[in-house]
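Let's walk through this one together, a question at a time. Keep the picture open while you read.

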Amino acid sequence: MQEVLKQNIVEKRILAPRDSRKTIGNINVPNPRMVCRNVNVYYGDKQAIRNVSIDIGCNEVLAMIGPSGCGKSTFLRCLNRMNDTIDSCRVTGEILFDGRDIYDPSVDVVPLRAQVGMVFQKPNPFPKSIYENVAWAPKIHGIVESKSDTDEIVESSLQKAGLWEEVKDRLDQPGTGLSGGQQQRLCIARAIAVSPEVILMDEPCSALDPIATAKIEDLIEELRAQYTIAIVTHSMQQASRVSQRTAFFHLGDLIEVGTTETIFTKPSHQLTEDYITGRYG
Amino acid sequence: MSPFLLLLLLLVLSVAGYFIGQYKALNLARKAGGASRLHSLPVYYGMLTALWCCLPAFFMFLIWLGFEQTIVTGLMVADLPETARSLPPARLNLLIKDIQSLASGNIVSGEITPLMRQAAAHYVELQGIGKMITSVIVLVASVAGMLTLHRHIRPELRARNHVEKVVMGLLVVCSTIAIFTTIGIVLSILYEAVRFFRQVPVTEFLFGLEWSPQMAIREDQVGSSGAFGAVPVFAGTILISAIAMLVAAPIGLMSAIFLSEYADKRLRAVAKPMLEILAGVPTVVYGFFAALVVAPMIRGSGAQIGIDVSSESALAAGLVMGVMIIPFVSSLSDDVINAVPQSLRDGAYSVGATRSETIRHVLVPAALPGIVGGLLLAVSRAIGETMIVVMAAGLSANLTANPLQAVTTVTVQIVTLLVGDQEFDSPKTLAAFALGLVLFIGTLFLNIIALTVVRKYRERYE
């Protein structure tokens, strides 16, 4: 069946050749939350990202796919300047968040990261209690004043992360004692506790079993109503399940952007087609 | 054959056993069709042969070594004439000691009689026979072990498991050596301390407020009344250690945080070894520094603002000691802070924590066990330090909390007591062991408390 479908597609469309490195597809969205233009990233002398331009719209899930080492994680980490922690890393180009260039020297990275939260590949809860894991960030940002405020934020964040029912009776237990899937949802709760506008997810399910993965995917779908989400994933099924738009990266270039449906059914670039049909990757 | 030569021979035999065992295993493997037919790799058969070759023989050797003296002496005494054997035990013992000294060519307590000369010759002869018997037994045991195992080498022999068991036994032995040494140290101190407490009551020692460890040598001696109240001495130790820790803990921790989180790699590569050099400076040199530079400086500045500072002060010793132990705190803390996974830093930064918040709330709590370990090491160095105190804080046992006065510490007192010219069983000398015992118990409790604290507050990140 798939074979037949693919042949039909190939017959109908003319694909961009494999060696074309220009981004295909519409990078713009009507209501962008983040706007990236000509972003280049270097690690020392090595260029990891070349001239990437893309918009990330409000309340959408943007999936970034591509073979290992294609720079999708690097690009994701540019969006909240997590790359600052790597000494040799240098970023050029423009990344606008609500109209301001986040790499402008006047921008303070601390509030930026509170607004652009991040969830990592491996769950990394702090070695503190479940309660403290969620309450810590609101406390250091001065969002909460009283104990009852904190309780409220902890409860609502855990509820949004779909973890409340499982942990409400053991909030004082260490967060590291939870299962992998629970830890990852705790990390999501931690990220949304400071009410960010964007949540970046770097392969959030790659260390989880299918059931935990399904829970996180449902969660992403729910969170979309309130947040903008950019997710890096190796699983094309996951990308097609959770995202509205998909960006395909290859060796530091953004090859193709489009609605998820288009990318997975009618890709316009030979490389995209090869990747999603599993010819390499 | 001398014991050294014997052990060397045993080693050679073991190496030979290794190759013989391996050779046979390889042969068997070839016949059976490949090394996979053997239970273990051929090297394990070799190792097992070598172990069989050396371990039983080595134990025989140790056993003989343990009993050699008794057996040889017994035989020698049995051959002494009746008149000598019927001497009272103390005299007989002296005679035996003299004969042994004569045999090994040392000085003898009295006149050398023909009887002793004869006995000594006999003793040497017996020793020679004993050595020869040992050599024969050990070598026979070794070869027998090798042959026994060689005969047992079959493809089914679980050589690897046997070797692993022996290795595990070795590891157990190694790990218990430290424990037994500790027990031995405690017992030896305890024995002498009990002798001391027979002469000076425990309560007087523990709660007495005056330390003046003098004992009358003659009846009519002036100033002969001794006082063995250890409180001033321990107070001095606590005072100086506290000053040292007040210097070392914050500076060490801060420098560790700077090195691990703020300094760039090149600076760290230079600064860390430089800091560790501090730990390598001999304490005598620190003592010079404390006595010649720091103490006069403190005295001078004290005089300027109208405070009377004695020329040897706890402050001078404590400050310099604090500098000395900075590397213990900083180097260990730096290592453990560095060992906290990057993912925790990422997690903290990703919710918008500043560097300082990340360090204070995430990294230091996660690294707490190691940091406390470093602090403990520093405290024990401070408590055990002698040289700086002797040179900079003096010897007078004042009971004071004023850091500007001269004080003394437990270790300093132990040294002064033991280098004294009194006989060993006088309370003055024995007091050193009592001090040592209390110090040991004190540091033991310190360790236990610290471990409990760490267990309670540690944050696991695994």
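**Helix against helix, strand beside strand**

Q: Which residues of α5(B) does α4(B) meet?
A: Keep in mind that this is a predicted model. On the α4(B) side, the residues in the contact are B:Leu95, B:Asp98, B:Ile99, B:Gln100, B:Leu102 and B:Ala103. Across from them, in α5(B), you'll find B:Met116, B:Arg117, B:Ala119, B:Ala120, B:Tyr123 and B:Val124.

Q: How many residues of the contact of α4(B) with α5(B) are nonpolar?
A: Let's sort that contact by class. It has one polar and two charged residues. The nonpolar ones number nine.

Q: Is α4(B) roughly parallel or roughly perpendicular to α5(B)?
A: Helix α4 covers residues 89–103 of chain B, and helix α5 covers residues 114–152 of chain B. Their axes are 8 Å apart, and the packing angle is about 65 degrees. Angles of 65 to 115 degrees fall in one class, so α4(B) counts as roughly perpendicular to α5(B).

Q: Is the crossing of α4(B) and α5(B) left-handed or right-handed?
A: Look at how α4(B) passes α5(B). That crossing is right-handed.

Q: Which residues of α13(B) make the contact with α12(B)?
A: Helix α12 (residues 342–350) and helix α13 (residues 355–384) of chain B have axes that come within 10 Å and cross at roughly 145 degrees. The crossing of α12(B) and α13(B) is right-handed. From α12(B), the contact uses B:Leu344, B:Arg345, B:Ala348 and B:Tyr349. From α13(B), it uses B:Arg355, B:Thr358, B:Val362, B:Leu363 and B:Ala366.

Q: How many charged residues are in the contact of α12(B) with α13(B)?
A: Six residues of this contact are nonpolar and one is polar. The charged ones come to two.

Q: How far apart are the C-alpha centres of domain 1 and domain 2 of chain B?
A: Let's zoom out for a moment. The domain assignment places domain 1 of chain B at 3–157 and domain 2 at 227–461. Their C-alpha centres are separated by 50 Å.

Q: Which residues of α7(A) does α4(A) meet?
A: The crossing of these two, α4(A) and α7(A), is right-handed. From α4(A) come A:Ile130, A:Asn133 and A:Val134. Their partners in α7(A) are A:Leu186, A:Ala189 and A:Arg190.

Q: Which residue takes a positive phi in the hairpin of β1(A) and β2(A)?
A: Strands β1 (residues 32–43) and β2 (residues 46–57) of chain A run antiparallel, joined by eight bridges. Along the way, A:Val39 stands opposite A:Val52. The hairpin has two residues between the strands, and the one with a positive phi, near 65 degrees, is A:Gly44.

Q: Which residue of β4(A) is the bridge partner of A:Tyr42?
A: Strand β1(A) is also joined to β4 (residues 89–97) of chain A by eight bridges, and the two run antiparallel. One of the pairs is A:Met34 with A:Phe97. For A:Tyr42, the partner is A:Arg90.

Q: Which residue takes a positive phi in the hairpin of β4(A) and β5(A)?
A: Two bridges link β4(A) to β5 (residues 100–101) of chain A, which run antiparallel. There, A:Leu96 has A:Asp101 as its bridge partner. Two residues sit between the strands of this hairpin, and the positive phi, near 50 degrees, belongs to A:Asp98.

Technical notes: Residues are numbered from 1 along each chain as its sequence is written. Chains are lettered from A and ligands numbered from 1 in the order in which they are written. This is a predicted model: local features need pLDDT of at least 70, side-chain atom pairs count only at pLDDT 80 or more; totals for chains, interfaces and linings use all residues. Side-chain values use heavy atoms; hydrogens and water are left out. A crossing is left-handed if the near helix is turned anticlockwise from the far one by less than a right angle, and right-handed if clockwise. Helices (H or I, at least four residues) and strands (E, at least two) are DSSP runs, numbered from the N terminus. Contact means heavy atoms within 4.5 Å. Domain bounds come from an automatic or database domain assignment. Two strands pair if DSSP finds at least two bridges between them. Axes are lines fitted to C-alpha atoms, for helices over the stretch in contact, and angles run from 0 to 180 degrees between N-to-C directions. Ala, Val, Leu, Ile, Met, Phe, Trp, Tyr, Cys and Pro count as nonpolar, Asp, Glu, Lys and Arg as charged, and the others, Gly among them, as polar. Angles under 35 degrees count as roughly parallel, over 145 as roughly antiparallel, 65 to 115 as roughly perpendicular and the rest as oblique.
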